[in-house]
Structures are given as C-alpha cells and as structure tokens.
Amino acid sequence: MTDTIYALSSGRPPAAIAVIRISGPQAQAACQQLAGGVPRPRYASLRRLRDAAGATLDQALVLFFPGPHSATGEDLVELHLHGGRAVVRAVETMLSTLPGLVAAEPGAFTRRALRNGRLDLAQTEGLADLLEAETDMQRRAALATAEGGLSRQVESWMDRISLIAARVEAEIDYADEGDVAAATPMSLEPVSELVAELATLVARPPVERLRDGVLVALAGPPNAGKSSLFNALLGRDAAIVTPIAGTTRDVLEASVVREGLPYRLVDTAGLTDVTDDPIEAIGVERARRLAGQADIVLWLGLPRDAPAGAIRVGARHDARPDLDVGQFDATTSVFDATTIDALWAILSDRSRQLLGDAGELRLHRGQRLLIERALGELREIEGLDLLLDAERLRVASRSLGEIVGRDATEAMLDALFRRFCLGK
C-alpha cells in the first residue's frame, strides 16, 4: 500500500502562514483526526486542529482536493496554519504519530504527480527549472515548459509521425492488392516539414545557457586593464589590480545579473607567447582555452589581434590620448561610468541575440540529444526502402516519447528529483 506523505510546503518559519500538505490514501483520515472532519472539496474551511488528547494545536484553514483531480493525482489535504515554529512543529509531530503517514522526501509530491499522470517528464523538468529560476528570462522559459508547451509540441510531432508510419505500413502490407497508391518520395513530403520544425527547436539556445549565464571572457596581453574592467563591470573589487604585468595568473569568475540577463564574467591571465614562469604558462593556457569556449570575448589588446567575433575594447582611454577610437567597438575608463554602461549595452545586445526570445521553448541537454536522434532518423527517410523507413519512423517516435517520460528509468528520475525542494 502506498504511504501517505506530509511536508511543510511553504517557506521556513517563522512566517505569516505555513502550509502543510498531506497526500495519499490516508489523507482524509488524517484530516478527520486533526480537524474533526473533512471539508467540502475545494472549499476552504476554518477548523480547530487538535492533538490525540484533544488539546488545540491551532486554528487553520483546511482544504481537501479529492484524487485523481488533485496536484498529485491522489487525495490531497492542505493545512494553512499560523506560521510560527512551534505551531508547525506541533502539527508535524501529530502527523508523525498517525498510521500510514511518513515525512515526504524532496520532490515526493511532484514525483507522485508524474506517476499518476498529472504531469509528464518534460513538465516536471520545467517545474524544476522554475523552482531554480533567478531571472525573469529563466522564469518565462521554465514556465513555458512547466505548463506543457514542450509536451504538446512533442505529442503533435508523434501524432504526425504515426500518420506517416500508418501510410508506410499500409503500402508495405497492401501494395500488391492495388488498393493503395504506390509510395513515392512525394508521399513522405510531410517528413521534410517535421525535419524543419525539429531542427528549429534544436538550434535555439539551451536551458543550460539561460541557467548558467552568458560566458564573457576578458582577454588580451598582460597589463591591458582586464582586471580593472572586470571590477568595473561587476561594480565591486573582485580582482586584484596592480600596475605590475602578470598580476592575474589564473581564471577568476563571477556571476552577475544585468537587466534580467545572467552573465558569467571571467578575468583571465594576460596572453603572452614567452614566459619562464611555469605557473604563468598554465594561466595563459587556461586563458586561451576559455577565450575559445566563451560566448563573448572582450578583447583588450591590439584590434588586429582580436579573435573573430570579439568585442574590441579600448581600455583606459582617459590615459591614452593617442588611442584611435575608430578601431574599437567600445572605449572605456573605470573612472567614467558612462563608458562602462555603454559597454554593457553592447554586451546586452549581443547576449539577447545569443539567448533568443524569453518565451521560446528551450531544451535540456538530454532532451536535445533525443530530438537530434529523432532528427537523424527522419533525415534518412527517402521513401524508397519502405521497411527501413518504417523502422526509422519507429525509432524517431520512440526517441520523442522519451522526452515526455515514456520508458523513463528510476536512476534518471532520482537525478531529476534531487533538484526539488522539500514539500514540492
């Protein structure tokens, strides 16, 4: 028999209100024991909660959501308590004494929703992203998936693949009877439309980029002003700044949110081709590697040496009257805030191009790999060898089905639900 779980589902007390959720076959019995009865479904009722001896624990609003039409797909009770620590502790202690009730693990409520068909795997991953969202762009992207946007798209693709597969199977089974028109490459024309749609989604920026932020590397020769600019962009002294060349020997990273966009700024060691210092050599190698991996490079060296696509920055322009500003995309001075704001504006424009529209559907790495697998199979379909085409359609559909949780393994689910908080 399935245990009935309970947990505090609101913020840590003290707070104005604390919400304890109870889900499972003994939820109604627990409500009866605590509140003296079960209220009308989906209507808040003010009840006096009592312990086993009949002593008052609290006055609370009690709600009952009968399964399967509840958040978890099973009977669910919510207790809206006064949010003091002692009140919450007393009610949880009482619940722990009731038969069949156990304290919930993180993600247990959502896991039951997945198991009972109230959510699919894609929605669950979107919900996990929503709980972790720190910027408005992350929130909007996560909400689109949590509310079923990706799931509906995947189900639509699978339905269309089923129609194509049915046509192919009919041709294989009945072509010799003359009732079905002969299959030709044109009969599989809808496949090209599917390929285009899947490729468009795969090409969008991934969820990980929204979560981790746009990687911006400050690169250039020693003593070019990278650390000073790094501090100015952050608005604080994160890097040591001295007039001595080679002060920065390792990678220094800091995260910042600017106008709702997440960034990871990286200050790197000065790039030089000649050094006798083995530690500096390691720093230079790391700097080169990061500059190659970065989404955006701020280049503080000679413009002619800038990597392709880098933003060329003329740093310390106040101390360099001979600076040819026309060679640079931006000139900056740490003593002139307007120049730093102007550089941020360039970074913002470039980052918005990289991140795309906030409301677009985004893919996790695992989801991307599954769609790429389906895409690879669909691209091989030519309408000439129908047996091979039928198998490719089956593989493509099965890969898409894994996105919404068909054949999901327990190990994969365990990894996902480790991201959830207690009470969710």
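Is Trp344 buried or exposed? Trp344 counts as buried, at 3% relative accessibility, where buried means under 20% relative accessible area, exposed over 50% and partly exposed in between, with a 1.4 Å probe and protein chains only.

A word on the basis. This is a predicted model, in which local features need pLDDT of at least 70, side-chain atom pairs count only at pLDDT 80 or more, and totals for chains, interfaces and linings use all residues. Residues are numbered from 1 along each chain as its sequence is written, and side-chain values use heavy atoms, with hydrogens and water left out.

Rings of Phe, Tyr and Trp (its six-membered ring) pair if their centres lie within 6.5 Å; planes under 30 degrees apart count as stacked, over 60 as edge-to-face and the rest as tilted. By this rule there is one aromatic pair. The ring centres of Tyr263 and Trp344 are 5.0 Å apart and the planes stand at 65°, so the pair is edge-to-face. Because Tyr263 belongs to strand 9 (residues 261-267) and Trp344 to helix 11 (residues 337-355), the pair ties together parts 81 residues apart in sequence. Helices (H or I, at least four residues) and strands (E, at least two) are DSSP runs, numbered from the N terminus. Tyr263 is buried too, at 1% relative accessibility.

Helix 11 also holds Ser348, which is buried with a relative accessible area of 6%. Leaving aside residues up to four places away in sequence, Ser348 touches Glu259, Leu261 and Tyr263, contact meaning heavy atoms within 4.5 Å.
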